[in-house]
Amino acid sequence: MSDYGNPYGGYGNQTMTASAQLGGAPAQPQSPAPTAAELIKDTTTANFARDVMEESRKQPVLVDFWAPWCGPCRQLTPIIEKAVAEAGGRVKLVKMNIDDHPAIPGQLGIQSIPAVVAFVDGRPADGFMGALPESQVKAFIDKIAGPAGADQAAEIAAVLEEAAILLGNGDIDHAAQLFAAVIQADPDNGKALAGMAECMIVANQHQRARELLSNLPAEVAAAPEIQAQNKRLDQIEEARKLGDPVALEHTLSLNPDDHVARMNLAKIRNVEGRRDEAAEHLLLIMKRDRTFEDDGARKQLLQFFEVWGPKEPATIMARRKLSSILFS
């Protein structure tokens, strides 16, 4: 188990990537951002199919039809090049001098320049004419390629899904690395913060989990996943005060109707991760005495559900049995 100083302490110093493999392989470094030279190029009639048609199957390609004598073309050039560079690879820009290469613009019916045509999946998809201001050029790029941040949002979702799988498989070191990467990219991501806290809890670093979840912005702290981890920590602290589970088991062997002992044992089994057993103890109390602590067993079971989540097998099983008790 790594110390807090590696994935758990330095959770703001990771690089986000969704390429980590299951089974313990570490995440691969994120590819560097594309350079302007990679995003912007001139093309010819001979290279148009490669530079535009083929490339547009990977990401949208804007084709700027221009000529050296065109004043508005000279106005548009720095604007569109800047917008494409700032788009960070969501689109590419290919420039074609119509004086040197008139065949392609003629086939496309280009009659006035500057003219920009966006190609997507090998076909013209949209375009504009004239030297538009920067705001309109950026809006056009967002229309073609999706708004800025959409790619990162998709990547974050993929990383969180992979981290959850790793955590479920017990690989908390690599799960923590991925949660840390998301926190670096999105410091207020509730799912990533909750996932990191869960890694710490599994590693018995409860105080550090508390520190991570404390002093969060109000809207982040109110997220269900953050609340669930705080309740989980509360349950762990409570269980520490409930005595020896072996002694509680002995008490129940002598008196199965000692509901206090059974309730305490259920809480201990819950924090041990023995969720099915915890649920069964509470369900047994409900079967025998619904009045115990004002229906306390049912209320406690519902608190477990909040922490376990609706998709947890123990939740599904216990809800089914709870329904049969309540409605039989």
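Start with the cysteines: a search of the whole structure turns up one disulfide. Keep in mind that this is a predicted model.

**Stop 1: the disulfide.** Select Cys 70 and Cys 73. A disulfide joins the two, with an S to S distance of 2.4 Å. A disulfide is a covalent bond between the sulfur atoms of two cysteines. Now look along the S-S bond of Cys 70 and Cys 73. The torsion there is about 80°, so this disulfide is right-handed. Are its two ends buried or exposed? Cys 70 has a relative accessible area of 4%, so it is buried. Cys 73 is buried too, at 2%.

**Stop 2: the largest nonpolar core.** Move on to Phe 179, Leu 193, Met 196 and Ile 226. These are the residues with the most contacts inside the largest nonpolar core, which has 32 residues. Which elements give two or more residues to this core? Colour α7 (150–168), α8 (172–185), α9 (190–202), α10 (206–213) and α12 (224–239) to see them.

**Stop 3: around Phe 179.** Centre on Phe 179 and leave aside its neighbours within four places in sequence. Its contacts then include Leu 160, Ala 163, Ala 164 and Leu 167. Lys 191, Ala 192, Gly 195 and Met 196 also touch Phe 179. So does Cys 199. Click on Cys 199: its relative accessibility is 0%, so it counts as buried.

**Stop 4: the second core.** Finish with Ile 285, Phe 304, Ala 318 and Leu 322. They are among the 20 residues of a second, separate core.

Definitions and conventions: Residues numbered from 1 in each chain as written. Predicted model: local features only at pLDDT ≥ 70, side-chain atom pairs only at ≥ 80, totals over all residues. Heavy atoms only, no water. Core = buried A, V, L, I, M, F, W, Y, C linked by side-chain atoms within 4.5 Å. Buried < 20%, exposed > 50% of the residue type's maximum accessible area, 1.4 Å probe, protein only. Helix = DSSP H or I, 4+ residues; strand = E, 2+ residues; numbered from the N terminus. Contact = heavy atoms within 4.5 Å. Disulfide = S-S within 2.5 Å.
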